[in-house]
Structures are given as structure tokens and as C-alpha cells.
Amino acid sequence: MRVGLFVTCLVDLMRPSIGFAAIRLLEAGGAEVFVPPSQTCCGQPAYNSGDRADTIALARKVVEEFEDCEYLVAPSGSCSGMIRTHYGELFADDPAWQMRVTALAAKTYELTDFLVSVLQVGRVPGDFRGTITYHDSCAGLREMGVKMQPRALLAKMDGVKVTEMAECETCCGFGGTFAVKFGEISARLADNKCQHIVTSGAETVVLGDLGCMLNIEGRLRRRGDATRVVHVAELLAGVRDDFPA
């Protein structure tokens with residue numbers, strides 16, 4: 001099985017350990033992983049800002065880079081959601097490209113969904129021990145249907161105890177450009193999320209999108225809170241510098 005890994009801009013630039021963790025998980029599940037070296041952005045920031053021309057150009061680039069793979073997998077519900085949910089509408093007036101983006105969308109998965117639904121992994125390589133709480137990112141939950149998949153994988157780790165926070169499905173306030181355009185609303189949402197994390201009593205908050213991670217971790221640190229913030233791929237794969245040996 002040849003799987004194309006869409007690393008995402010944020011992972012590439014801000015936290016490459018998530019990309020390496022995704023590779024480890026996919027390979028442990030028996031997949032051959034291909035990472036196109038020319039990949040950049042899925043086009044979502046341009047799309048959300050109304051820049052249709054650049055969005056279409058980036059969408060075509062992604063299709064050309066990944067359409068020969070059996071699957072496209074991303075450690076992000078946001079980017080995978082962009083490809084699966086929004087690419088089709090960009091090419092409504094171009095039947096040839098419409099067919100190509102539709103074909104790619106049909107084989108695009110968020111990482112945990114792919115591990116559970118396609119690879120059907122029976123175990124994961126990570127050995128994390130501690131109490132965690134899980135934040136459901138908006139795009140992963142609502143565009144990709146990711147809810148039980150990460151929890152099913154976490155349940156395979158004997159040392160992990162999951163304690164659900166209140167309003168785990170409520171937005172953390174990031175929302176890409178939303179956090180910039182509506183800073184006060186974003187900060188209030190982030191504060192609410194941080195309080196729910198604290199109230200859960202968990203030592204670590206785990207989630208599947210780096211944008212949410214950066215937003216939540218930044219707000220926690222501003223509040224003087226040292227709660228560890230970890231991507232689910234890092235936890236499942238055991239790939240992170242600050243994990244205990």
C-alpha cells in the first residue's frame with residue numbers, strides 16, 4: 001500500500017516531530033510512505049481569505065503530487081478536510097479537473113481515521129504513561145468525522161488514562177485567520193478551553209491539529225500553566241523529545 005503523507009505547512013515549519021511520528025505509525029501499520037518533496041500548502045489559508053486564484057493553483061499542485069498514491073493521509077483534520085470537502089467546489093466549471101480532485105478527495109484521510117478504518121492497526125509503538133484529556137478539533141470532527149478513532153487508538157496504550165474534559169467538541173478559538181480578525185473572541189474561547197483542561201485534572205492535553213495545539217499551548221503558558229500539549233501522532237508513536245525514557 002503506497003500512502004502519500006501530506007505533512008502540512010505548520011508541521012513542516014513548527015513541529016516536524018509530528019510528521020516523523022505519522023511516518024512511524026503508517027510504517028508500523030504496514031504502509032509504504034511517500035512524502036513528495038515539493039509539497040507545500042493545501043490552499044486553506046488562501047481559501048479562507050477569499051483568494052480563489054491561489055487556492056486553485058495550490059489545489060492543482062496537490063493533486064499532481066498525490067494522485068498516483070493509493071491514499072493521501074494528513075496528520076490534520078483541517079488540511080484533510082480542505083482537500084476532501086472543499087476542493088470539489090473549486091473546479092465546478094472544469095470537468096476534467098473536477099474528476100481529478102474528486103478522485104483524490106475520495107482517498108484522502110485524516111491520520112487516525114486511516115489507522116483505524118483502513119490499516120486497522122492492532123497496536124501502536126508508543127509507550128506513554130499518564131492521564132490525558134482530548135480536544136476535538138472543529139475541522140476533524142465536522143468535516144472528517146474524527147471522534148472515536150483517536151480514542152480507539154489511545155485505548156490500545158495500557159499506560160494512558162483518558163479523562164474527558166467538558167465541552168471537548170467546542171472550538172479552542174484558533175480558526176486560522178479567525179484568531180487574528182477576532183482576537184478578543186478567540187482569546188475568550190481559548191481561556192474557556194484552558195479552564196476545561198485544568199478542571200479535567202489531566203497532566204496532558206492531546207489533539208490532532210497543530211493549529212489548535214499552538215493556540216491552546218500559547219494560552220496555557222500565558223496563564224502560567226505547564227500542562228503538556230501533545231499531538232496524538234506523537235503520543236501514539238512515542239516520538240517527542242520531552243517524553244520520559
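**Close-up 1. A charge over a ring: Arg100 and Trp97.** A charge counts as sitting over a ring if NZ of Lys or CZ of Arg is within 6 Å of the ring centre and within 35 degrees of the ring normal. In this predicted model, Trp97 gives us a case of that: the charged end of Arg100 sits over its ring, 4.1 Å from the centre.

Close-up 2. Tyr71 and Tyr109 pair up edge-to-face, with 5.8 Å from centre to centre and 70° between the planes. The two come from distant parts of the chain: Tyr71 belongs to strand β3 (residues 71–74) and Tyr109 to strand β4 (residues 108–110), 38 residues apart. Is Tyr109 buried or exposed? Its relative accessibility is 18%, so Tyr109 counts as buried.

**Close-up 3. Tyr71 meets Phe114.** Tyr71 has another ring to show you: Phe114, with ring centres 5.0 Å apart. The planes of Tyr71 and Phe114 are at 65°, so this pair is edge-to-face. Since Tyr71 is in strand β3 and Phe114 in helix α7 (residues 111–117), the pair ties together parts that are 43 residues apart in sequence. Phe114 has 0% relative accessibility, so it counts as buried.

How values were computed
Residues are numbered from 1 along each chain as its sequence is written. This is a predicted model: local features need pLDDT of at least 70, side-chain atom pairs count only at pLDDT 80 or more; totals for chains, interfaces and linings use all residues. Side-chain values use heavy atoms; hydrogens and water are left out. Rings of Phe, Tyr and Trp (its six-membered ring) pair if their centres lie within 6.5 Å; planes under 30 degrees apart count as stacked, over 60 as edge-to-face and the rest as tilted. Helices (H or I, at least four residues) and strands (E, at least two) are DSSP runs, numbered from the N terminus. Buried means under 20% relative accessible area, exposed over 50%, partly exposed in between (1.4 Å probe, protein chains only).
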